[in-house]
Amino acid sequence: MQNDDVWLVVPLYNEAAVIADVVHEARTVFPNIVCVDDGSTDASAKRAELAGAAVVRHPVNLGQGAALQTGFDYALGDPSMRFVVTYDADGQHQIQDVAAMVQRIRRGDVQVVFGSRFLDERNEASVPKRAILRVAVAYTNATTGTRLTDAHNGLRVLRRDVVAQLDITQNRMAHASEIVAQIGSMRLDGAKVAYAEEPVHILYTDYSRAKGQSLWNAVNILAELIWR
């Protein structure tokens, strides 16, 4: 089956209202999905499982970084896995963007593809949020030796050998910068890891805004970067 060498890793915390739709849509293109239920107190895990995802459970909430590391370990257990996609559970990511990013990495000249909200004009983030995220990107670029336009987008595609070397210790918002820093310093076969960015459209829905993911997420990212 096409894309059966790809695993979507989905951190999952109290997204029972939308996770079934997210999994159903994603599985039309990518059959292999693991949702890491990070101590949810609702029916998130059950609905993800019924929608066709594999589910791994944390007994308590550890944070998105920890959920990603658990998902990476799970995906690495499949010997046919070549690529891992980090994918959000709240419906903000678009599966067509993932398909384009996977197509990009299959060309073989890069080992990582980062999604960027700032390479085209499709995204609807507010001016304050854009400003805060750009400060966070500048800080990350300065401290990791990378050159990205959007270091804190949760949509990424990683080749297997990159995933195998990642060791996420920052469990919460700062995990995104930790991933970038580790990739920036990583070497494979004696050469630095090559990466590229692809434009992605983040769909800021009424549901995601109601959860407070518009401006405060960006503020939290910046705060954790500075005080981690």
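The buried residues of helix H1 pack against strand S1, strand S2 (33–38), helix H2 (44–50) and helix H4 (95–106). This is a predicted model. H1 spans residues 19–27, and its buried residues are Ile19, Val22, Val23 and Ala26. These residues sit on the same side of H1, because they cover an arc of only 95 degrees around the axis. An α-helix has 3.6 residues a turn, so residues three or four places apart point the same way.

**The whole chain**

The protein chain holds nine helices and nine strands. It has 228 residues, and 54% of them count as buried. Take the contacts between residues at least 6 apart in sequence: 75% of these join residues at least 24 apart. The chain exposes about 10,000 Å². Carbon and sulfur atoms supply 52% of that area.

**Around Asn3**

Asn3 belongs to the segment before strand S1 (6–12). Is Asn3 buried or exposed? Its relative accessibility is 12%, so Asn3 counts as buried; the cut-off for buried is under 20%.

Two polar pairings involve the Asn3 side chain. One of its polar atoms lies 3.3 Å from the backbone oxygen of Val29. The side chain of Asn3 also makes a polar contact of 3.2 Å with the side chain of Arg106. Neighbours within four places in sequence aside, Asn3 is in contact with Val29, Phe30, Pro31, Asn32, Val102 and Arg106.

**Salt bridges**

How many salt bridges are there? The count comes to six.

| Arg106 | Asp5 | 2.7 Å |

Start with Arg106 and Asp5, which form a salt bridge at 2.7 Å. This pair links distant parts of the chain. Arg106 is in helix H4 and Asp5 is in the segment before S1, 101 residues apart. Arg106 counts as partly exposed, because its relative accessibility is 33%. Asp5 counts as buried, because its value is 10%.

Asp150 lies in the loop between helix H5 (127–144) and strand S6 (156–159), and Arg117 lies in the loop between strand S5 (112–116) and H5. The pair therefore ties together parts that are 33 residues apart in sequence. Asp150 has a relative accessibility of 1%, so it counts as buried. Arg117 counts as buried too, at 8%.

Arg159 is partly exposed, with a relative accessible area of 24%. Asp161 counts as partly exposed at 26% relative accessibility.

Technical notes
Residues are numbered from 1 along each chain as its sequence is written. This is a predicted model: local features need pLDDT of at least 70, side-chain atom pairs count only at pLDDT 80 or more; totals for chains, interfaces and linings use all residues. Side-chain values use heavy atoms; hydrogens and water are left out. Helices (H or I, at least four residues) and strands (E, at least two) are DSSP runs, numbered from the N terminus. Buried means under 20% relative accessible area, exposed over 50%, partly exposed in between (1.4 Å probe, protein chains only). Contact means heavy atoms within 4.5 Å. Accessible areas come from the Shrake-Rupley method with a 1.4 Å probe; for residues, only the protein chains shown count as cover. A polar contact is a pair of N or O atoms within 3.5 Å; within protein, one must be able to donate a hydrogen and the other to accept it, and residues adjacent in sequence count only if both atoms are side-chain atoms. The arc is that of the directions from the helix axis to the C-beta atoms. A salt bridge is a side-chain nitrogen of Lys or Arg within 4 Å of a carboxyl oxygen of Asp or Glu.
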